[in-house]
Protein chains: 2
Amino acid sequence: MRVRVLGSAAGGGFPQWNCGCVNCDGVRTGTVAASARSQESLAVSADGETWFLLNASPDIRSQIEAAPQLHPRRPRHSPLAGVVLTSGDVDHCLGLFCLREAQPLVVASTERVWRGLAETNALFRTLQRFPGHTRWLELDPEQRVSLPTADGAPSGLTVQAVALTGAPPLHLRAGLAPSELDNIGLLVEHAEAGAVLAYFPGCAQIDGRVRNALARADAVFFDGTFWSNWELKEQGLGERSAFDMGHVPVGGAEGSMETLQSLTQQRFLIHINNTNPVLREDSAERRFVEAHGWRVASDGLELVLGSTGARSA
Amino acid sequence: MRVRVLGSAAGGGFPQWNCGCVNCDGVRTGTVAASARSQESLAVSADGETWFLLNASPDIRSQIEAAPQLHPRRPRHSPLAGVVLTSGDVDHCLGLFCLREAQPLVVASTERVWRGLAETNALFRTLQRFPGHTRWLELDPEQRVSLPTADGAPSGLTVQAVALTGAPPLHLRAGLAPSELDNIGLLVEHAEAGAVLAYFPGCAQIDGRVRNALARADAVFFDGTFWSNWELKEQGLGERSAFDMGHVPVGGAEGSMETLQSLTQQRFLIHINNTNPVLREDSAERRFVEAHGWRVASDGLELVLGSTGARSA
């Protein structure tokens, strides 16, 4: 299985348009040791020809142009066959509307996420210009779903949802009770190659289901949004805690580094918020993460997983 | 008045994600003499401190990062005070949803465009997180409207809508009759400096109102989407004509170069589709445009208009 990190930052990206914090200001002026990152999204493929996005970030256009494997091979063509969504958050869905130019696409998501997107937004009709333009594929935690190519054949990849503690996206929260299908993790499998990818960009609670899912994977991408639970408050940029916003922090006794110490496969933090000190390559927090065997995902990182052996390209 | 071209391409940008036409393939491989362009948007300011966008393109995040004058001056800050919309098309509005991080903004548009955006999309609630988060300013062709800074003071700029022949955006077309308030041109004025900018990125018919408006401006940005009326069909990329899609072509007896020959101020084509031969710097069509005294707008172009004299930076 081929994997490319299209974007590795949390919503808003790094730097964020209206943020002049130490990290954002520093990456703009080149005074901190950090790389700019676009908003979180992965591309995955069984054969290197047909690709699926895991989340469609608002930065999708520049992410596609930066990735040669996603460029058209003919006058009207795209190697993209579909998008798998982990939530209905703006930073996971907005890029879909950039894929409106008459390309048939599959959107795989839970029913909650599909309804919140397709049934409450007139804008979504831009993806429904002809029969079969955008087809929904339901993700249900009980089932492993085959991802089809544009002509309906199996792509070689399957995807399975892992239900997570979550909440509806902010714009749908009024009057809607949280469900464990608002926000999911993904296990993407290329059975023929014996490769499994775990994709958990937003996770508020590391329970038994999460542990079991991560343990199955050859590579793990896990929620690295915040270093500490009160990171935003400490920097004067917000009032809510990491847990309250749906994210296990990286550091601390309850953090992912301590809680996921048993993992041994290659593992990456992703969905990194602009305030997170792990973005700085010379920070103590970055050293801590690396000492625990994790890496901080960066835009353009590529992996090959499976029978030829896992390697980082 | 300060003006920066944030993006100069039509919807989809140049190159477009699912297009491998001569131009798109050529700009990716460096085999045509052309520059990549992001989707059409301008930034304007009276004082260089408070800025307004004319349209919010899907490429807004990278456009802001490429423009130093739009960067924050403090930990939570943006020089952007608002967005003026010429239509409800996806490529003019989608960027709004990227400006959701708690920054109060004014959105100036016709009532049709505002209703189509704010009242038919649950996604829009992401811009209505607190009272005053996003405030609507109605544009009516009869009135010159003052654009306010974030604290409500006059910014020094006014904007006036020019009604155009148009149609609702594709995703709102079902059951909605066209109105001349679906699609407008803009006259942006900095009265103190004696500067007027005409912004007409989509125009299907050059009538007396359009001529009068353009004649008043110190600089004109005009619809350069297509070179010829059947450009898409000739390239096997679509069935609709330029006029039918709401755009006067650039070339031909009915085209903008012939029809607007009386203009003498500085003038630019903008909203250039990826199929348009004027994108190629060595094309006969580019020479024709330049021989008529026009330039093809490019990303990052900056102008200063007004009492210090119009100059291109």
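**Aromatic rings in the model**

In chain B, K233(B) sits over the face of W230(B), 5.7 Å from the ring centre. Chain A has its own version: K233(A) lies over the face of W230(A), with 5.7 Å to the ring centre. Please keep in mind that this is a predicted model.

Now to rings paired with rings. Over all chains, a search of the whole structure finds 14 aromatic pairs. Take F97(A) and F124(A): their ring centres are 6.2 Å apart and the planes stand at 90°, so this pair is edge-to-face. The cut-off for that label is an angle over 60 degrees. The two residues come from distant parts of the chain, 27 residues apart. F97(A) is in the loop between α3 (90–93) and β5 (105–109) of chain A, and F124(A) is in the loop between α4 (111–118) and β6 (134–138) of chain A. As for accessibility, F97(A) has 0% relative accessibility and counts as buried. F124(A) is buried too, with a relative accessible area of 0%.

The next pair is F221(A) with F268(A). Here the centres are 4.8 Å apart and the planes are at 15°, so the pair is stacked. F221(A) belongs to strand β11 (residues 219–223) of chain A and F268(A) to strand β12 (residues 266–270) of chain A, so the contact ties together parts 47 residues apart in sequence. Both F221(A) and F268(A) are buried.

Which residues do ring pairs link into a cluster? They are F97(A), W114(A), F124(A) and W136(A).

Note on methods. Residues numbered from 1 in each chain as written. Chains lettered and ligands numbered in written order. Predicted model: local features only at pLDDT ≥ 70, side-chain atom pairs only at ≥ 80, totals over all residues. Heavy atoms only, no water. Phe/Tyr/Trp six-rings, centres within 6.5 Å; stacked < 30°, edge-to-face > 60°. Helix = DSSP H or I, 4+ residues; strand = E, 2+ residues; numbered from the N terminus. Buried < 20%, exposed > 50% of the residue type's maximum accessible area, 1.4 Å probe, protein only. Lys NZ or Arg CZ within 6 Å of the ring centre and 35° of its normal.
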